[in-house]
Structure formats: C-alpha cells, structure tokens
Amino acid sequence: MNTPKFVTDFVNYMFKNYSQDIGKLLVHMGALGTVFGAISQLCVVAFDKNIDKKKKKFLLPQEAADAGVNIFMFYTVCDLIKKGSDKIVEKGAFLTQEVADAIKKIKPNAVSWKDVFTKSELRTNLTELLSNPSRLNVFNGQAMTPAQQTAVNDALAKLEKHKNNCGVVAAIAASVLASNIITPYLRNIFAAKYQKHQIYKDAVKTRKCQIKENITMKNPLPHSFKAFNNYNSFAGIKI
C-alpha cells in the first residue's frame with residue numbers, strides 16, 4: 001500500500017522545518033497543545049447540562065478570554081526565550097569547548113576561535129559564516145583544501161548540534177516558566193478585571209430594568225399622556 005501524498009508531504013515538511021531545531025518544535029507543539037486544551041475547556045462549559053444558561057453566558061466569555069491569554073503568553077514567552085537562546089549561541093557568547101576547538105581547526109595557528117574571523121565577520125551569525133566559508137577572510141578568496149572543507153563542515157555540524165541542544169533546554173525552561181508562573185499571574189489579573197466589569201455591567205442592566213418597570217408599570221402616566229406610557233428610552237431622563 002502506497003503512503004498517501006498528504007502524509008508524505010507532512011513528514012517532509014516536519015523534517016525540513018524541525019529536524020535541525022527541536023526547540024522550535026517543542027515551542028510550536030506546546031502552543032498547539034495549549035490551543036487544544038483551551039478548546040476542550042470551552043466545550044466542557046458549553047455542553048455541560050448541569051450549568052444553567054445564565055452561568056454559561058458569563059463563563060464562556062471568561063473561559064475564552066483565559067484561553068486567549070494562555071495561548072498568547074505561552075507562545076510569546078517560549079518563542080522569545082528560545083530565540084534569545086539561539087542568538088546567544090550564534091554570537092558566540094555561549095559555546096562549548098568542543099565547538100570552540102572545532103572552529104579553531106579552520107585556522108590552525110589561531111589562539112582563540114575568534115581569531116578565525118575578522119571583527120566585521122563576528123557581527124554575523126556563526127552558522128551563516130560557516131555555511132558560506134568561501135566568503136571568509138581567512139581563505140583570502142582562494143579555494144579551500146579538502147582538509148579545510150572538512151574542518152568547516154565539522155565546526156558547522158557541532159555548532160548546530162550545540163545550538164539545537166541549547167534550544168531544547170531553553171524551550172523546556174520557558175514552557176515551565178510560562179505555564180506555571182507568568183501566565184497564571186497575568187490570567188488572574190485579567191480574570192479579576194473581567195469579572196469586575198461583568199458584575200458592573202449586570203448591575204447596570206438590572207438597574208435599567210428596575211427603572212423601566214417603575215416608569216411603565218408601577219407609576220403609569222395620566223390618561224392624557226397615553227402616547228408616552230410605553231416610553232422606555234432613558235437617554236434624556238435624569239434620575
């Protein structure tokens with residue numbers, strides 16, 4: 001049986017976009033899990049027969065707002081921390097000795113891995129530099145020898161592996177931080193403000209109904225003002 005094309009396309013897409021960046025996969029899958037969790041919670045509230053319609057009218061918007069905060073904060077916090085981790089590695093601020101030694105092999109007489117590059121080159125991401133070695137000043141525009149090409153490939157492979165590992169750790173730490181500290185704190189603040197707004201809104205609605213009943217039912221106007229007995233717009237009435 002042949003594999004359906006959409007399955008093959010999906011596998012190819014996942015491999016192309018995530019095989020070299022597991023941290024990004026964790027961030028995206030974590031956010032997707034938060035989305036499904038939020039949908040499940042909304043469905044529970046919407047279809048629970050033990051919750052009356054009046055409570056649902058209040059709970060559903062609140063749950064939807066909570067879901068929005070959860071998803072937005074989870075993805076934002078995780079993505080920022082993950083990208084921050086990548087940036088630190090790309091600028092050489094956090095390299096293992098193994099990666100540093102691999103880069104130094106590109107220029108055997110280099111004392112530090114930074115000696116392999118010029119100051120202007122160091123402003124560029126390391127993966128970009130190692131992915132285009134022919135442009136490096138260290139080779140003076142000359143063709144690389146097989147040994148130099150091997151050194152560059154080895155340095156790039158070890159750098160990407162290190163970056164991937166850092167991304168995984170950063171994504172896991174960020175998900176814990178977002179799910180257990182930042183998101184609950186902000187959600188509680190938002191929920192309290194929303195609840196206060198809804199209570200005020202319901203109180204205003206109730207008061208308007210009371211005013212309407214007092215004017216149109218309990219204290220009707222005289223017969224000569226019959227045309228105004230059902231007047232229930234309060235825009236011009238001062239209580």
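Q: A helix is a DSSP run of H or I with at least four residues, and helices are numbered from the N terminus. In which helix is Asn164 found?
A: The model is a predicted one. One of its helices covers residues 146-218, and Asn164 is found there. The name of that helix is H6.

Q: Is Asn164 buried or exposed?
A: A residue is buried when its relative accessible area is under 20%. The relative accessibility of Asn164 is 15%. Because that value is under the cut-off, Asn164 counts as buried.

Q: Which residues is Asn164 in contact with, leaving aside its neighbours within four places in sequence?
A: Contact means heavy atoms within 4.5 Å. With those sequence neighbours left out, the contacts of Asn164 are Ser19, Gln20, Asp21, Ile22 and Gly23.

Q: How many helices and how many strands does the protein chain have?
A: From the N terminus on, the elements run α-α-α-α-α-α. The secondary structure therefore comes to six helices and zero strands.

Q: At roughly what angle do the axes of H1 and H2 cross, and what does that make H1 to H2?
A: H1 holds residues 5-18 and H2 holds residues 22-47. Their axes come within 8 Å and cross at roughly 120 degrees. That angle makes H1, relative to H2, oblique.

Q: Which residues of H2 meet H1?
A: On the H1 side, the residues are Met14, Asn17 and Tyr18. By class, this contact of H1 with H2 has four nonpolar, two polar and one charged residues. The residues on the H2 side are Ile22, Lys24, Leu25 and His28.

Q: How are H2 and H3 oriented to each other?
A: Their axes come within 10 Å. The crossing angle is roughly 175 degrees, and angles over 145 degrees count as roughly antiparallel. H2 and H3 are therefore roughly antiparallel.

Q: How far does H3 reach from its first C-alpha to its last?
A: H3 runs over residues 53-90, which is 38 residues. At 1.5 Å a residue, 56 Å is expected. The reach in the model is close to that, at 54 Å.

Q: Which residue just after H3 takes a positive phi?
A: The phi in question is about 80 degrees. The residue that takes it is Gly92.

Q: What share of the residues of the protein chain count as buried?
A: The chain has 239 residues and exposes about 16,500 Å². The share that count as buried is 27%.

Note on methods: Residues numbered from 1 in each chain as written. Predicted model: local features only at pLDDT ≥ 70, side-chain atom pairs only at ≥ 80, totals over all residues. Heavy atoms only, no water. Axes fitted to C-alpha atoms, helices over the stretch in contact; angles between N-to-C directions. Helix = DSSP H or I, 4+ residues; strand = E, 2+ residues; numbered from the N terminus. Parallel < 35°, antiparallel > 145°, perpendicular 65-115°, else oblique. Nonpolar A, V, L, I, M, F, W, Y, C, P; charged D, E, K, R; others polar. Expected span 1.5 Å × (residues − 1). Buried < 20%, exposed > 50% of the residue type's maximum accessible area, 1.4 Å probe, protein only. Areas by Shrake-Rupley, 256 points an atom, 1.4 Å probe, with all protein chains shown as cover.
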